[in-house]
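Could you walk me through this model, chain by chain, and point out where to be careful?

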Amino acid sequence: MGLVYNIPLFSILLVVVSGVCIPLFRNGRHVIRFIQIVQCMVGVGSLFLMVELSTLNESFTYQLGHVPAPWGNELRAGPLEGLFAFVFSLVMVLTFSGSREDLIADIKPHRLGNYCLLMQLLYGALLAMIYTDDLFTAYVFVEVAAVTACVVVSAKESGRSIVSAIRYLMFNCLGSGLFLLGIAILYALTGHLLFSSLQQAVEQYLLSGSSKLPLIVSALLMTLGLSIKSAQFPFHAWLPDAHASATTTSSAILSGLLLKGYLIILMKLMVRVFGPFVMVSSYLCDLLLLLGLAGMLFASVAALRQEEVKRMIAYSSSAQISYIFLSLGLGSQLGLLAACFQIIVHALTKSMIFLGAGAMINGVHGHYWGQLRGAARKVPVGGIAFTVGGLSLCGIPLLAGFSSKYCIALAALDSDWQMAPALFGLAASSVLNAMYYIPAILVIWGRTKPNQEEEWNPISIGWEQKLALGFLLFCNLYLGMRFGLVRNLIEQGINLLGSFG
Amino acid sequence: MKTTQNNNSLFRRILQWASESEKESADAPEDPERQEFQEYLEYIDAHDYIEFGAYRYMRYQQRKELGLDEPTFHHHIEPSIPQKKQNVKKSHHKQGLLRKQLGWYRIASVFITCVIILILCLVVMELPKFGDLNAPALNEVAQRYLQQGREETGAVNAITGMILEYRAFDTFGESVVLFAAAISTLLLLRTPNQPLKQRKAGDEILTMVSKYLLPMIILFGCYVVLYGHISPGGGFSGGAILGAALILASLVLGAGEVERVLTSKRVTYITVFSLLTYAAMKSYSFYTGANHVGWAIPKGEAGHLFSGGFLLPLNLCVGLIVACTMYTFYTLFIPTEEE
């Protein structure tokens, strides 16, 4: 076994251990640098893993300890997992670079170290969710993510952020509880927690035709729990406040990465445990499609009514999550591909929009549209990031959002009756996206006073922030213009993950 | 200090406003708002304290029941602003809509809960019975834990063997959850250079009894942690006993006494080093196990204290993490004397 195969374990361990070491530091600013270095290392490792596995065209399971899998724990990695880990690391590093000033301004110095610690544990939990091959390991790290995410929201210590963190905690507990109930039912039925053993047991039940109800209820409970945590439409009440009131780093990471971590678990469950038969026979696919469609429209309509920039972006996150649900609900290999692609695109785009908005909010010291008039003229880099991100989510060609919508449309065209509603939802929500992003873009580039030529006096921002936003912009353009490479990689990864549809 | 001054002057102004009518001559028009406020003050004297807004609402309802007219208040604010607000409100939603929805919400929530209970009951009826010998959960996984556990892990206590050897990665995750919880409370509740929350020691009998009891509790906790791989117990349960002992010590001897030995910084350091040691030992065995390198830790003879490879130090680490986390929670949530 080569050294490459140790990368998943060591990236999780490195991240968690580096987080645990943080109380030994004295200066909070050094901590930010320290965790960024670790994130870079993990990112490079994941990139290496992805390239290696993609050229070998294989995936592997990694036995943790001396005992093989059904008895011990196990990690699993393929090109898809490598890609996710790489993108997540990239977003982490860039977010910390891009919102460094915000972080130092918003979090009190003596709390900065602990804040970074929780962020690092959150990141470790996300990596574990990506690589896990065991239902209980997934649950444990979902818990780590739940604890850290709630505190990361409240770390800003404004009254609003604390209230929204408490609400977030309630929803999180409900989601965890439902997920755990689903796991318990499935364990009582099969006696297994490992994905591959679970799949065999579930297949046997399907062949014998017994205990269909518990199986379906367990699948439903787990889906419900995870969709509450990932803020899918009817359960999204916690999202806007939690993401809008937190500091920019928290909002970018929670919106860009954390919501996707739960969806990756859901996807693994669909592909590796329940398989297409349970999904279709229990109408679970249809449920996902319906939730997705409703979310795309309702969350976008809600976003139209927001008067605060961050709240609008948060609602737009909920709408974008619905795209992933919609493509999972198509129940085909192509749908899965579109979902993975949307996860990557949205992780990169949403963090860019949040960073851009954060820079502008800092520039004009206000977060209402009225105060943000002409903000992009003051902070051009933030304005450009917001504009490109917004246009990308509207689906303007040559930007990343277009290619992800293209993938979803391709998957929809390949399906049966789902084609018409999916395409309609896609079109309608694109128009709605445009209806709130384009006025927003016009406002931020507008003049503060009508009919008056203003002088161009941008506020200078740090090189690090510029670099981070520039890199995210580049990623967006790259995914918009040349998405073939990434798409092939995802396709390869999904084929290795298991057959679906 | 500025805010209190403002509050004081505001309070004085209100008092002045309320008592002004007595000074004024009888022919001046009576201000109904002031009159109401005076009645309110009398009400407070006779009854318990009630907020002015709530009082006014009560009065309003009394008047409505009696069929009396609303007294007209002459406000000093320009009338255009409230009117504008009212217009906006009217266009958006009807009065009382929320209350109606709240009723529906209650009915719907009860209904949904009933449906979920029904479905879960149906599910439970289809699940294998508790203690059933043919239950699917009693499969080759559980068998191996019980039959070969002693040989493979060197632990007599199968549970310790399972959580610290077979599924050690999950236990690592659990310890991280505890650590994250402890750090979260630290982040939210602790402020630097905050004076230590002093608590007087308990009464004499309690102190006397506890002084004899404490060493035994600590000893028992240590025993449960150290013999975790031989007898029932282990890091989690033994750590909870140790944590309880620390809390008792802090309650009885006073927080300052315990704080002299265990400052909050030291507690954090102990947790950090325990987790790091755990991670180091487990990464060694994960790595050697996964790559089939060999270099296994000698298991020793099952049943002896020094047996089971890493199990003893691992239990120690988990015990310390649990004890420190419990104690951290206690010190942060401890009420101060004023409360």
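**Chain A**

Let's begin with the fold. Chain A contains 21 helices and two strands. Its C-alpha trace spans about 75 × 55 × 45 Å along the principal axes. A compact globule of 501 residues would have a radius of gyration near 23 Å, and the 22 Å of chain A agrees with that. Of those 501 residues, 64% count as buried. Among contacts between residues at least 6 apart in sequence, 80% join residues at least 24 apart.

One helix to find on your screen is H7 of chain A, residues 159–190. H7 has 32 residues and reaches 46 Å from its first C-alpha to its last, close to the 46 Å expected at 1.5 Å a residue. Just after H7(A) comes A:Gly191, with a positive phi of about 75 degrees.

A:Lys378 sits in helix H16 of chain A, residues 375–378. Leaving aside neighbours within four places in sequence, A:Lys378 is in contact with A:Gly363, A:Val364, A:Pro458 and A:Ile459. A:Leu122, by contrast, is 256 residues from A:Lys378 in sequence and 34 Å from it in space, C-alpha to C-alpha.

**Where the chains meet**

In the interface, 45 residues of chain B are in contact with 48 residues of chain A. On the chain B side, the elements giving two or more residues are helices H5 (97–126), H6 (140–147), H8 (158–166), H9 (168–189) and H13 (264–291) of chain B. H9(B) supplies the largest share of that side, 15 residues. By type, the chain B side divides as follows:

| Type of residue | Count on the chain B side |
|---|---|
| Nonpolar | 30 residues |
| Polar | eight residues |

Chain B averages a pLDDT of 79, and 79% of the residues score at least 70. Confidence in chain B is highest in helix H10 (residues 204–226), at a mean of 91, and lowest in helix H4 (residues 80–92), at 44. Over residues 75–91 of chain B the pLDDT is below 50, and this stretch has zero contacts in the model beyond near neighbours in sequence. Where pLDDT is low, the predicted coordinates should not be read in detail.

Conventions:
Residues are numbered from 1 along each chain as its sequence is written. Chains are lettered from A and ligands numbered from 1 in the order in which they are written. This is a predicted model: local features need pLDDT of at least 70, side-chain atom pairs count only at pLDDT 80 or more; totals for chains, interfaces and linings use all residues. Helices (H or I, at least four residues) and strands (E, at least two) are DSSP runs, numbered from the N terminus. The radius of gyration is taken over C-alpha atoms; the globule rule is 2.2 Å times the number of residues to the power 0.38. A residue is buried if 20 or more other C-beta atoms lie within 10 Å of its own, exposed if 12 or fewer, and partly exposed in between; C-beta atoms are placed from the backbone. Two residues are in contact if their C-beta atoms, placed from the backbone, lie within 7 Å. The expected span of a helix is 1.5 Å times one less than its number of residues. Ala, Val, Leu, Ile, Met, Phe, Trp, Tyr, Cys and Pro count as nonpolar, Asp, Glu, Lys and Arg as charged, and the others, Gly among them, as polar. pLDDT is the predictor's confidence in each residue, from 0 to 100.
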